Amino acid sequence: MSNSIKMQFSLMINKLGFKVSFSCVLVYALLTYVYYLLSYRGADVLYFLSANQQYAGNELAPYWGIFQSLFPFLVVFPFAFSYLDDKALSIDHYIIGRMSRNHYYVGKLITGFLGGFIIIFIPFLLNLILCNLTFQENNNTYFGEYNLIPYFEILSGRSVLFNTEFTGVPFLDLYLHSPFLYNVFYLFLLSLFSGILSIFSGACAFFMKKHKILLLLPIYLLFYLSGILDSYIYINNDWINYVNYKWMDYVNISFNFGRNYYYFIGFIVCLLVFSSISAYRMIKKDVI
Amino acid sequence: MNRVRGMTMINWRKWCKTLLIIPPTILYYYEDLLFGKYDHNIASTMMVKIFGYVSIGETHEFVMIVENLLYLVLFNLLYGNFISEDFRQRGIYIFSRVKSREKWFYKKSFELYCLAFCYAFIFLLTILFISMSSSTQKVDVGTLETFVIMLLTITIFLTISTLLINLISLKFGNGVGFVSIYLAILILITLALKSENIALIREYPILMMLNPATAISFNLGDHFSYQILTVAYYLTLNILILVIGARYIAKYDISLKDAESY
């Protein structure tokens with residue numbers, strides 16, 4: 001198995017798709033950093049936004065909207081097309097002949113996961129390190145100061161004085177312990193999510209024979225339908241029963257309420273089960 | 001259309017794909033179909049369903065918004081390999097038979113244009129139906145005028161973006177072609193939404209029209225001359241891309257392709 005992953009990994013990092021998606025994320029991460037750098041040029045240090053609030057994975061980051069719109073397509077690029085390329089070049093039989101079907105298909109999914117993970121993890125980590133090296137942790141946050149209404153409303157979500165509809169930020173204890181570790185934690189979440197979506201798109205490729213551009217559609221449609229479901233739930237429920245179905249809100253530093261991580265884990269498990277079944281189907285498929 | 005022994009065979013599958021826009025559009029605006037009717041203008045409702053708007057001083061301009069880009073993304077993905085696939089998979093077979101590659105490209109572009117027209121028509125008809133079912137007003141001349149202008153601009157915009165994807169795909173593969181154009185559109189939309197902060201545009205709002213993400217809906221319904229200007233601008237862009245594309249196709253070496261590195 002390790003040989004299969006090694007071979008496919010070296011193939012992946014030389015592919016244009018991987019390079020393009022990695023470059024897009026890197027450009028976004030660096031652009032966010034440069035934006036803050038230029039915004040605070042000549043300003044007093046007290047007016048700077050805190051270093052960890054400038055992290056590119058924050059939903060209030062200046063170009064997050066563009067990145068979020070591009071994300072469903074970027075995760076497909078690293079390795080999902082590889083299976084269709086192998087088919088088009090008729091080399092899949094030779095590769096399978098040198099290893100087992102099991103190693104080939106499982107190796108494809110694992111390599112896809114690594115690709116999806118890497119394209120997010122490295123650029124965002126670079127952004128986080130640069131932000132912490134350049135700026136200070138001056139506690140100038142989006143939440144405001146202790147005892148101000150936004151602090152209770154957004155951050156903690158509870159107070160003896162205010163009855164707020166916000167449920168507070170998830171993993172509050174971690175945030176209060178260290179905003180930096182909180183960012184690192186969310187960086188892992190985003191990277192893992194990206195990796196799992198790459199696995200899913202790789203698994204979708206097993207059902208296709210040509211028109212590989214259509215492989216960009218499943219994740220986009222998944223996000224689109226989740227958005228419709230989210231607006232339906234939002235309209236037809238009170239805020240106590242509302243559950244956020246915008247999956248990106250679960251993996252970035254967002255202040256939206258209604259996040260229930262059990263639902264998110266359920267969604268991830270569904271994606272993984274689908275991917276496993278499609279890989280199993282391909283392994284057991286009679287090629288003759 | 002494929003020519004087989006002097007007869008013209010229509011590939012219905014290609015045309016049927018245009019119907020795929022109906023389910024997601026209805027799903028997205030299901031509320032309008034379920035809930036009661038209100039007294040609002042159908043043309044304005046159609047505009048709001050497709051575009052967002054940005055305010056520059058006292059004027060409000062419609063712009064494309066990311067939330068409502070499904071119709072564009074779907075068309076780009078469905079037909080993003082319309083020309084490039086022929087080139088990559090059947091290039092030698094086709095070009096050893098056709099007399100002029102440029103003519104072949106113009107023919108394919110025209111076919112793409114027809115597909116875009118059909119797709120935009122179905123999309124707008126669905127939006128019109130949804131808007132009508134949520135409004136107490138009836139379709140008037142203004143609604144039809146908006147419908148026709150939107151049909152023309154959306155058709156040309158779909159054709160331009162898909163042609164560019166196909167041309168980029170020849171060199172870098174379908175995925176890269178799509179993402180580069182989608183990214184360019186996202187940047188244009190961001191620029192359109194931030195145009196209020198640009199001093200030059202605040203002074204001369206008509207400059208906004210140069211941004212294709214804004215021009216598609218610039219002053220629609222207000223000034224007929226602007227509408228004609230918008231369509232003319234899009235046509236010019238389209239012709240430019242067609243001519244450049246045809247020259248590029250004519251010089252492209254079919255044997256030089258590296259399918260493995262895409």
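In the predicted model, helix α3 (residues 64-74) of chain A packs against helix α10 (residues 217-236) of chain A, with axes that come within 7 Å and cross at roughly 135°. The two helices, α3(A) and α10(A), are therefore oblique to each other, since an angle has to be over 145 degrees to count as roughly antiparallel. On the side of α3(A), the contact is made by Phe71(A), Pro72(A) and Phe73(A); α10(A) contributes Ile219(A), Tyr220(A) and Phe223(A). By class, six nonpolar residues make up the contact of α3(A) with α10(A), with no polar and no charged residues.

Elsewhere in chain A, Thr32(A) lies in helix α2 (residues 16-39). Thr32(A) has a relative accessible area of 0% and is therefore buried, the limit for this class being under 20%. Leaving aside residues up to four places away in sequence, Thr32(A) touches Gln54(A), Ala56(A), Ala61(A), Pro62(A), Tyr63(A) and Asn127(A).

The cysteines were examined for disulfides, for which the two sulfur atoms must lie within 2.5 Å. Over all chains, the count comes to zero disulfides. In chain A, the closest cysteine sulfur to that of Cys131(A) belongs to Cys24(A), and the distance of 20 Å is too far for a bond. Cys131(A) is also buried, because its relative accessible area is 0%. In chain B, the sulfur of Cys114(B) has its closest cysteine sulfur in Cys118(B), at 9.1 Å, and this too is too far for a bond. Cys114(B) has a relative accessibility of 23% and so counts as partly exposed, a class that begins where buried, under 20%, ends.

Confidence was considered for the model as a whole and for chain B. The model scores are ipTM 0.77 and pTM 0.84. For chain B the average pLDDT is 79, and 84% of the residues score at least 70. Among the elements of chain B, helix α7 (residues 101-133) has the highest mean pLDDT, 91, whereas strand β1 (residues 2-4) has the lowest, 49. Over residues 3-7 of chain B, pLDDT stays under 50. For this stretch, residues 3-7 of chain B, the model has three contacts beyond four places in sequence.

Technical notes: Residues numbered from 1 in each chain as written. Chains lettered and ligands numbered in written order. Predicted model: local features only at pLDDT ≥ 70, side-chain atom pairs only at ≥ 80, totals over all residues. Heavy atoms only, no water. Axes fitted to C-alpha atoms, helices over the stretch in contact; angles between N-to-C directions. Helix = DSSP H or I, 4+ residues; strand = E, 2+ residues; numbered from the N terminus. Parallel < 35°, antiparallel > 145°, perpendicular 65-115°, else oblique. Contact = heavy atoms within 4.5 Å. Nonpolar A, V, L, I, M, F, W, Y, C, P; charged D, E, K, R; others polar. Buried < 20%, exposed > 50% of the residue type's maximum accessible area, 1.4 Å probe, protein only. pLDDT = per-residue confidence, 0-100.
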